[in-house]
Amino acid sequence: MSGTSSFSEAAHVALSNSQQRRNLRQATTSIRAKRDAAVGEVDQWEALREEGRRIKDRTMRHLDVHLERLEERVTAAGGHVHWARDGDEANAIVTRLVRDAGSDEVIKVKSMTTAEIGLNEALARAGIVAHETDLAELVIQLADDRPSHILVPAIHRNRAEIRTLFRRHLADTEELTDDPAALAEAARRHLRRLFLSVDVGVSGANFAIAQTGTICVVESEGNGRMCTTLPQTLITVMGIEKVLPTVADLDVMLRLLPRSSTGERMNPYTSLWTGVADDPPDGPRAFHLVLLDGGRTETLADEIGRQALHCIRCSACLNICPVYERTGGHAYGSPYPGPIGAILAPQLAGLRDHTSLPWASSLCGACYEVCPVKIDIPQVLVHLRGRVVRQAKQDGWRGRVAGERLAMETMARVFASRRRYEAAQRTARVTARAVTRDGLVRPQLPGPLGAWLSSRDLPAPAAQSFREWWRAQPDQSDPDGHGGAA
Amino acid sequence: MRIALFITCLSDTLFPDTGRATVDVLRRLGHEVVFPEAQTCCGQMHANSGYQVEAVPLARRFVRIFGDPSFDAIVTPSGSCAAMVHEQYPRLAALGDDARLADAIAELAPRVFELSQFLVDRLGVEDVGAVFPHRVTYHPTCHSLRLLKVADAPLRLLRAVRDIDLVELPAATTCCGFGGTFAIKNAETSTAMLTDKVSAVLHTGAEVCTGLDNSCLLHIGGGLSRQRSGVRAVHLAEILASGA
């Protein structure tokens, strides 16, 4: 990706996807209304948000201390802690652990972190099959698609598409309808077999408590809990920013998260586990916690950008964002889409890989208003824009930013002087006169084409006409018997 | 009160009627209005586009021009440019490592007001004696709503206008899609947002869509005009300045 074109190029495609536009409009509108109602019930919501912000801020200041304490407590509870500098290291650790467990399959709890590091793909390269068990992640996996929302990964798909997918991929689905209960039942039968047969579970973590060494996963379906309790080996991959100092901190987060994400007072399933349970033996016999850095330490070094690490993955910013609602998640080119993705992805993966994302926002500020931990997303976006520009300057202004830089520097000089500013106003007036009609600036295209373009876009002629396509068909028949080459 | 008009480069160049209307309203209320002619641009476009370094001198320039102690207030017909001074100038001073600028901003910013906030919150005026016999809908521009938190000040002013038929805009707080250079860099997404805003405006049956920022109104008005909708985008100041 170079310059600032990639988000807009992807958005160009996404904006024309009428099915996705409709799905997203309906889904985000309904989630927004649910969130508003759930948040409206809490008297001291603003104070609670401030408490959430403070906990995250305080935690990040001594992240190293909390992580070492977490390691100590997890180890004391019979778990094993592994440190991974980046995604490749984390993937290698998980691959080795799965092999050591003697398995070539894993069942997965929905997890953003494993999507971030491409764990499924890495496991596949090692001959290990990863089965997603979250219903929407299953849909995405069967469709060989990518998630487009943090919480609702298949938000861009509708149930008719899901029925088609299930009929193609799942057993005994010839009679399947697109009734949601029927679809869920088909998935349940498919997943039940996996829950009872696969011996390694892989999860992410919503939170980890340093005080006790406890991991917390919240979910809506209960499928995650199957993965964390039934297999003999459980592997949790967690970004280092997910640690919380105490159980009391978790209390605040569990009040903020469900209301912000699904608009529920409480999420249906909250699983907490601490190491392995020996007396009496219960759940997995081996527990591994993989702590992933993956650009987080570097992000922490940026005083303004580090707020992005406070994110608790609720998706409220996606659901409220007018840009996300129209482009969908794929346009962001990262597992983390929407406003939070626009500030998180460039920092975790490196600014050079996502130069266009900080501009994927109108800076309307709606995301900041709903963020349960008060991440000032517009401030970070503006800050990252500055970093991209300063980096371009260091790199010698190559590529598409060069033209913009010239315009910006020229305007800065114009605005620095009343004389130059007034001269520029006069020049603009004279120049505009050449392309102005009836008080409006219009491109001066003559004739019928100009008349059409004055209010309508015109698609370019197709790369291949119908008759060209027709002639190219091997079995085309020509009743007049002239053949294709006439 | 001696009031300095901060016109903004956009209104100065494209919407002088808004400037004239602002002056009219303030004078009608018995205040002295001055226009410091050295003013150019507050630097928002640079600051929001990644050129913060280039915006620092523009912040210094603004403070120098409007820091005149004889000004009791600095009033602008733009929520976004007022928010620039309040929100971004302190950050630019920090970026430029300029403690003197930071102090000057802290001293100046409390006297910088967006017009509706100045009238309602500072002067305590809601009825400015305007008459506007048209159906009007109000779009709360994002920076006035979320950065300045003007709340219902503009609506109080509009409700006090005689003969006005004020109608509520559906999904009013959703961004129109302008977003400064966003409208150019992500023109298609911007247009998709504009389409929905224009639909909402047309749904009200209003003749006029008003707001506190000519930047957003340029975008909304451009969409309304392109569709030959017969609906105009008019800055709040111009409605407040209109008489019988």
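Let's start with helix 4 of chain B, residues 52-66. This is a predicted model, so keep that in mind throughout. The helix has 15 residues. From first C-alpha to last it reaches 21 Å, close to the 21 Å expected at 1.5 Å a residue.

Buried or exposed, for the most part? Helix 4 of chain B is mostly covered, with 11 of its 15 residues buried.

What does helix 4 of chain B pack on? One partner is helix 5 of chain B. The two axes come within 9 Å and cross at roughly 110°. An angle of 65 to 115 degrees counts as roughly perpendicular, so helix 4 of chain B is roughly perpendicular to helix 5 of chain B.

Now the residues in that contact. On the helix 4 side of chain B we have Gln52(B), Ala55(B), Val56(B) and Ala59(B). They meet Tyr89(B), Leu92(B) and Leu95(B) in helix 5 of chain B. By class, that contact has six nonpolar residues, one polar and no charged.

33 residues of chain B are in contact with 34 residues of chain A. Which helices of chain B supply at least two residues each to that side? They are helix 3, helix 4, helix 8 (142-147), helix 10 (182-185), helix 11 (187-204) and helix 12 (214-226). The largest share, five residues, comes from helix 4 of chain B. By class, the side of chain B that touches chain A has 13 nonpolar, 13 polar and seven charged residues.

Next, the domains of chain B. There is domain 1, 2-122, and domain 2, 135-241. Their centres, taken over C-alpha atoms, are separated by 22 Å. 27 residues of domain 1 of chain B are in contact with 23 residues of domain 2 of chain B. On the domain 1 side, five helices of chain B each supply at least two residues: helix 1 (9-14), helix 2 (16-28), helix 3 (44-48), helix 5 (79-95) and helix 7 (115-122). That side has 12 nonpolar, 10 polar and five charged residues.

Over to chain A. How many helices and strands does chain A have? It comes to 22 helices and 14 strands. Along the principal axes, its C-alpha atoms fill a box of roughly 85 × 75 × 45 Å. Chain A has 486 residues, and 45% of them count as buried. Take the contacts in chain A between residues at least 6 apart in sequence: 74% join residues at least 24 apart.

Gly224(A) is found in helix 11 of chain A, residues 223-229. Why does Gly224(A) count as buried? Because 24 other C-beta atoms lie within 10 Å. Leaving out residues up to four places away in sequence, Gly224(A) touches Val109(A), Lys110(A), Ser203(A), Val217(A), Glu219(A), Tyr269(A) and Ser271(A). Look at Ser271(A): it is 47 residues from Gly224(A) in sequence, yet 8.5 Å away in space, C-alpha to C-alpha.

Leu176(A) is in the loop between helix 9 (159-169) and helix 10 (180-197) of chain A. Leu176(A) has 17 C-beta neighbours inside 10 Å, so it counts as partly exposed. Beyond four places in sequence, Leu176(A) is in contact with Arg163(A), Phe166(A), Arg167(A), Ala182(A) and Ala186(A). For Phe166(A), 10 residues away along the chain, the C-alpha separation from Leu176(A) is 8.2 Å.

Arg419(A) is in helix 20 of chain A, residues 418-433. Arg419(A) counts as exposed because it has 9 C-beta neighbours inside 10 Å.

Last item: how helix 20 of chain A packs. Helix 19 of chain A, residues 401-415, meets helix 20 at about 115°, with axes 6 Å apart. Arg413(A), Val414(A) and Phe415(A) come from helix 19 of chain A, while Arg420(A), Tyr421(A) and Ala424(A) come from helix 20 of chain A. The residues of that contact divide into four nonpolar, no polar and two charged.

Note on methods:
Residues numbered from 1 in each chain as written. Chains lettered and ligands numbered in written order. Predicted model: local features only at pLDDT ≥ 70, side-chain atom pairs only at ≥ 80, totals over all residues. Helix = DSSP H or I, 4+ residues; strand = E, 2+ residues; numbered from the N terminus. Expected span 1.5 Å × (residues − 1). Buried ≥ 20, exposed ≤ 12 C-beta atoms within 10 Å, placed from the backbone. Domains from an automatic or database assignment. Contact = placed C-beta atoms within 7 Å. Nonpolar A, V, L, I, M, F, W, Y, C, P; charged D, E, K, R; others polar. Axes fitted to C-alpha atoms, helices over the stretch in contact; angles between N-to-C directions. Parallel < 35°, antiparallel > 145°, perpendicular 65-115°, else oblique.
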